[in-house]
Amino acid sequence: MMAVASAAWTPSYPTTTTRHRAWKKPDGVRCSRTRRNQNTRAFASADAPSAVPVDPCLFVRAAVARATDSGHFVIPAARVAELAETRGLQATDLLPEFVREAQKLAIPPTSRFHVGAAALGESGAVFLGVNVELPGLPLNASIHAEQFAVVTAMRFGEKKLSAIATTAAPCGHCRQFMNELRDAKTLRVIIPGDDSDNQMKLGMQLILPLADLLPHSFGPLDLTHDDAAPLLLETRHNGLRVLAAFEKEKKTDVADVEINTATALALSEANVAYAPYSQSPAGLVLVTKTGQAFPGRAVESAAYNPTMSPLHVSLCAAVSTGDLGNTSDKGGGGWSRLKTCVLVELPNAPVQYAETTRMILKAIAPHVEVTVVHCERIEG
Ligand SMILES: [Zn+2]
């Protein structure tokens with residue numbers, strides 16, 4: 001029997017004591033030019049001969065490897081603090097190094113352009129993201145690295161982000177998506193500098209508040225006119241329950257108990273979905289053939305188009321395991337591990353996700369059975 005995760009499933013941070021498989025010797029990953037020499041000396045291992053300094057990037061690489069091996073895409077606060085303290089740096093100084101490692105995990109079969117992102121949460125943890133392109137689908141079905149990092153933070157209950165580093169300057173789509181955060185204007189965006197600024201040199205980082213990258217912005221208050229309403233990453237409950245007699249989209253060979261378990265998890269996602277503009281909260285769960293469950297929820301944008309569907313958020317969770325989506329062939333590779341999808345949504349809401357969910361899964365994992373379960377708002 002498939003062991004679908006329970007409805008009470010709660011992601012937990014990987015511990016710093018998790019042992020990672022033996023990783024390879026560093027092969028030329030470069031640290032910040034300005035700090036490399038001092039850091040090399042600072043990170044010489046007590047166990048190693050003093051004449052053989054250890055590249056500090058090795059430790060960043062190991063931290064990212066642990067984050068991905070554990071299927072979380074999160075570097076715990078304690079590990080971030082340890083890395084920063086040892087090298088006499090601030091946590092934000094490490095973000096570009098995390099980005100360089102995360103970037104290698106991107107899935108861009110169409111563009112071949114690898115993007116990484118690393119967001120620093122108020123808790124001190126770092127949340128990773130990569131770009132994910134879905135073969136056989138329009139380009140606007142892609143997931144951007146910054147979006148991925150923000151929903152990684154959301155999955156782990158982070159309430160505020162203080163900084164985000166990216167491979168290159170965030171595109172307009174991502175600047176708008178990050179504008180859903182409470183303190184978006186002061187969010188520090190760290191991007192590679194270039195020679196265009198006389199104050200910068202190649203290899204240095206440029207740190208800008210999001211307000212400088214998105215002047216005269218359109219945001220949540222322009223539509224809701226309610227500054228007390230919870231924003232993205234903030235706590236909410238949508239008061240939904242599954243209709244007593246929901247009708248399955250079609251009969252499948254999946255046992256009812258498995259669908260029911262996945263439905264409970266999808267409902268819990270729908271109840272924390274961020275849908276202030278359409279009032280169309282929805283939740284979804286993808287389940288693999290071995291019973292791994294990847295939850296997702298709707299995350300809306302005031303500008304509508306940067307909105308992430310429950311399926312897209314779920315795909316981020318799936319990619320975080322590191323063994324799904326690594327495919328360049330249409331509909332094959334890692335996505336073939338997916339078996340079942342359960343979507344919970346309101347039947348009469350202005351936004352419906354059922355058809356686009358089927359369309360996307362038909363392109364990347366056509367064997368996946370999609371079950372749509374309708375819910376209703378609890379009165380009072
Ligand atoms: Zn983007």
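Setting aside neighbours within four places in sequence, Gly124 is in contact with Ala77 and Val80. Keep in mind as you look that this is a predicted model. Gly124 sits in the loop between β2 (116–121) and β3 (126–130). Arg79 is 45 residues away from Gly124 in sequence, yet their C-alpha atoms are 9.2 Å apart in space.

Now let us turn to a sheet. Five strands make up an open sheet with mixed pairing, and their order is β7-β11-β10-β8-β9. β7 and β9 are the edge strands, each pairing on one side only. From one strand to the next, the twist averages 25 degrees. Look within the sheet at β10 and β11, which pair in the parallel sense over six bridges. Here Cys341 stands opposite Val370 in β11.

Helix α9 packs on this sheet, where it touches β7, β8, β9, β10 and β11. The direction of α9 makes about 140 degrees with that of β8. The helix has 15 residues (256–270), so at 1.5 Å a residue it should span 21 Å; its end C-alpha atoms are 20 Å apart, which agrees. Several residues of α9 are buried, among them Ile259, Ala262, Leu265 and Ala266. Their cover includes β8 (282–288) and β10 (338–345).

Finally, a word on cysteines. A disulfide is a covalent bond between the sulfur atoms of two cysteines. Searching the whole structure turns up zero disulfides. Cys174 has 1% relative accessibility, so it counts as buried. Cys375 counts as buried too, because its relative accessibility is 2%, with the cut-off for buried being under 20%.

Technical notes:
Residues are numbered from 1 along each chain as its sequence is written. This is a predicted model: local features need pLDDT of at least 70, side-chain atom pairs count only at pLDDT 80 or more; totals for chains, interfaces and linings use all residues. Side-chain values use heavy atoms; hydrogens and water are left out. Helices (H or I, at least four residues) and strands (E, at least two) are DSSP runs, numbered from the N terminus. Contact means heavy atoms within 4.5 Å. The expected span of a helix is 1.5 Å times one less than its number of residues. Buried means under 20% relative accessible area, exposed over 50%, partly exposed in between (1.4 Å probe, protein chains only). A disulfide is a pair of cysteine sulfur atoms within 2.5 Å. Two strands pair if DSSP finds at least two bridges between them. Axes are lines fitted to C-alpha atoms, for helices over the stretch in contact, and angles run from 0 to 180 degrees between N-to-C directions.
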